[in-house]
Amino acid sequence: MVSLAVMFGLFGAVAAWLIVVLLRRRNGATQNAEGLLIEQAGRIRAQRDRSSYNALSMHNTTPTMSDQYRRP
């Protein structure tokens, strides 16, 4: 019975450690700004493409389930 409690405690400690490591990893400073600028440009381009090529602007209709099968 004691070994089961120790095993669950060990699993809990490993899970807590992984959570802390993964959360701290996102908040780290970047080494250079080039990667951030590339990501920002990609995000802006993707947002612009989503608004330019949506179903309403391309087909003048709302999206339906058949849109995924439509080939130009």
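## Burial and surface

Of the 72 residues in the protein, 1% are buried. Keep in mind as you look around that this is a predicted model. The accessible surface of the protein amounts to about 7100 Å². Carbon and sulfur atoms account for 63% of that area.

What does the secondary structure consist of? The protein has 3 helices and 0 strands. Reading from the N terminus, the order of elements is α-α-α. Helix α1 covers residues 2–26, while helix α3 covers residues 55–59.

## Confidence

The mean pLDDT of the protein is 76, and 61% of its residues reach 70 or more.

Which element has the highest mean pLDDT? That is helix α1, at 87. Helix α3 has the lowest mean among the elements, at 64.

## A nonpolar patch

On the surface, a nonpolar patch is formed by L10, V14, W17, L18, V21 and L22. Together these residues have about 570 Å² of accessible area.

Take V14, one of the patch residues. V14 sits in helix α1. Is V14 buried or partly exposed? Its relative accessible area is 41%, so V14 counts as partly exposed, a class that lies between the cut-offs of 20% and 50%. Patch membership requires over 30% relative accessible area, and V14, at 41%, is therefore above that cut-off.

Methods:
Residues numbered from 1 in each chain as written. Predicted model: local features only at pLDDT ≥ 70, side-chain atom pairs only at ≥ 80, totals over all residues. Heavy atoms only, no water. Patch = residues over 30% accessible without salt bridge, like charges linked within 9 Å, V, L, I, M, F, W, Y side chains within 5 Å. Areas by Shrake-Rupley, 256 points an atom, 1.4 Å probe, with all protein chains shown as cover. Salt bridge = Lys/Arg side-chain N within 4 Å of Asp/Glu carboxyl O. Helix = DSSP H or I, 4+ residues; strand = E, 2+ residues; numbered from the N terminus. Buried < 20%, exposed > 50% of the residue type's maximum accessible area, 1.4 Å probe, protein only. pLDDT = per-residue confidence, 0-100.
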